[in-house]
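Biologist: Please put the model up, and then we can go through its sheets, its ligand shell and its database record.

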Amino acid sequence: MATDVHRPVTKSAVHVEGLARAFDGRAVIDGLRLDIAPGEFVALLGRSGCGKSTLLRILAGLDRDIQGTALVPRRRAVAFQAPRLMPWKKVWRNVLLGLPGRPERAVTERVLDEVGLGHRADAWPKTLSGGEAQRASLARALVREPDLLLLDEPFGALDALTRIKAQRLVGEVWQRRGCAVLLVTHDVEEAVLLADRVLVMDAGRIVHEQRVDLDRPRGITDPRFAALRAALLERLGVDAAAEAA
Ligand SMILES: Nc1ncnc2c1ncn2[C@@H]1O[C@H](COP(=O)(O)OP(=O)(O)OP(=O)(O)O)[C@@H](O)[C@H]1O
């Protein structure tokens, strides 16, 4: 029944139409439609359990038990909230995990430098801080030279300062590389800070779309930033004024 098609596309980095996924007879993704342009940064918000991670796993090719169409580039990579590093492999070997062929250490150097982790190439994962582990996880995604980078709450477990640094890093990496990004997050501010477009998901569909036409780098003190943030919070059913109080 499933018409799962994963193949390179040119006009859009992601084209999803009529996508459906059910678990135990319960629809979690329900007729979802989504297009992401090449090089576009899209953030995905939505209440817990609305299907964000399920969508991301489908786009990553980790779940093929679907109905409908999901077209994504062959070169795609994913990073999760938990860095998922193999404790028995040094950082540079973790970065190479799963790459086809027999890639050499040199392949990791540029990408570890890019995420500010060049000096930790020979470290064991257990000696990394949370922020460093997340950078290693990002390096493992970037070494694949993705046209589509899928990020599932990659900053969710970081402390506030480390989180700001990691957000900035992802913004820089995206601008330098020009890949499309789909970022799942619970943080409305993070979405407005980074994305070209913010989507709100509910009950397995995209129910709202907000373009963010603010120059970069963006500042939370910009009144237009605050207005977008408030509008999105309202969409999510959060009273921004009450939240600020
Ligand atoms: N493998 C699975 N088997 C059964 N149910 C699942 C499975 N994966 C996800 N679900 C269910 O699908 C629904 C959507 O889950 P999903 O993880 O996609 O939500 P989410 O929007 O990412 O939530 P959160 O923001 O809390 O991470 C949930 O009710 C979840 O329990």
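Modeller: Two strands pair if DSSP finds at least two bridges between them. Helices (H or I, at least four residues) and strands (E, at least two) are DSSP runs, numbered from the N terminus. This is a predicted model, in which local features need pLDDT of at least 70, side-chain atom pairs count only at pLDDT 80 or more, and totals for chains, interfaces and linings use all residues. Residues are numbered from 1 along each chain as its sequence is written.

Biologist: How many bridges join β8 to strand β9, and do they run parallel or antiparallel?

Modeller: Strand β9 covers residues 205–211. Leucine 199 has glutamate 209 in β9 as its bridge partner. The two strands run antiparallel, and the number of bridges between β8 and β9 is six.

Biologist: Which residue in the hairpin of β8 and β9 takes a positive phi?

Modeller: The hairpin has two residues between the strands. A positive phi, near 45 degrees, is taken there by alanine 203.

Biologist: Which residue in β8 does alanine 43 stand opposite?

Modeller: Strand β3 (residues 41–45) is joined to β8 (residues 197–202) by four bridges, and the two run parallel. The residue in β8 opposite alanine 43 is valine 198.

Biologist: Which helix gives the largest share of the shell around the ligand?

Modeller: The residues around the ligand (C-beta atom, placed from the backbone, within 6 Å of it) include Phe23, Val28, Lys52, Ser53 and Thr54. The largest share, three residues, comes from residues 52–60, helix α1.

Biologist: How far apart do the end C-alpha atoms of residues 14–228 lie?

Modeller: UniProt, in an unreviewed entry, lists this span as "domain: ABC transporter"; such annotations may be inferred rather than shown by experiment. The span is 32% helix and 27% strand. Its end C-alpha atoms are separated by 25 Å.
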